[in-house]
Amino acid sequence: MRNWFIIVALAAFATGLAAQVSPGLDIITVVHEPNTNDVGPYIAGLQIPNPFYDPLQPNGQPQYNNVYGNGKGLSNELDSISPEFYALGATTTHDLAILQNTTGAAITIDATTIQLAGERPKNDNPDAPEQSSPDGSAVHVIYPYDQVSITIPDGNAVALFLITSGWRDQLDTSPREYIWTFTFSDMSGTPFTVEAPLVVPKVGGDVGSGGCASDPDGYPEGLWILATGGIAAIVIRRKLLEKARA
């Protein structure tokens, strides 16, 4: 059996129920369809069986695929680096979440505890409640950036996990913006909760105005991104995107 670690996370909160988020911890950036350098050596070394491989009828398909996708970024009009996750119909998305720590102290996260704990519409009218997810049948798998633990010093941002999501052909697009809730614990068992936007983009268009606020350079003032693996490259790519849109 190949040495790879996954957490299959199921939504657990009811529609419209917001979790108590942990102050000072925020998912500030999502890298869509990341490459080998972005995901780091642990995730880069993981593979999953290719469902299209047939040993009896060779068709040029590899027996295994990388868990992080094609490693080439998005090929449509959407940005490959953004403040939100994407839900794309008839697609398996691969999103790398980068977590910032401004709690005042370093935190070491137990990689085995990371999970998708809930989802809800960003804006919900109680008189006409929306469903909690754009796709209640979607399968989500989380791969931690490291197999055991991820340390985030105070004032830094670090890649925390890759999440893959298999979306059905037709997604609920009203509303188009949702909130994902993630939970995890540090190595002493202290629980934490963070939230991040999930957007169903318009067909052939951009993702709109959803997402976390950031400074013109893409990151809060005074925040340092750890230059380990591909994080430094992510910073450069994000700034180039911001400059191109200016």
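**Close-up views of a predicted model**

**View 1. The largest nonpolar core.** The largest nonpolar core contains 48 residues, and those with the most contacts inside it are Ile27, Phe85, Leu99, Phe161, Phe182 and Phe184. Such a core is a set of buried Ala, Val, Leu, Ile, Met, Phe, Trp, Tyr and Cys residues joined through side-chain atoms within 4.5 Å, where buried means under 20% relative accessible area (1.4 Å probe, protein chains only). Strand β12 gives the most to this core, with seven residues; strands are DSSP runs of E, at least two residues long, numbered from the N terminus. This is a predicted model, in which local features need pLDDT of at least 70 and side-chain atom pairs count only at pLDDT 80 or more, while totals for chains, interfaces and linings use all residues. Residues are numbered from 1 along each chain as its sequence is written, and side-chain values use heavy atoms, without hydrogens and water.

**View 2. The surroundings of Phe184.** Leaving aside residues up to four places away in sequence, Phe184 touches Leu25, Leu99, Ile109, Thr113, Ile114, Leu160, Thr190, Pro191, Phe192 and Val194. Contact here means heavy atoms within 4.5 Å.

**View 3. An open sheet of four strands.** The strand order is β6-β14-β13-β9, with mixed pairing; two strands pair if DSSP finds at least two bridges between them. β6 (85-86) and β9 (115-121) are the edge strands, each pairing on one side only. Strand β6 runs parallel to β14 (residues 191-199), and two bridges join them. Phe85 stands opposite Leu198 in β14.

Technical notes:
Buried < 20%, exposed > 50% of the residue type's maximum accessible area, 1.4 Å probe, protein only.
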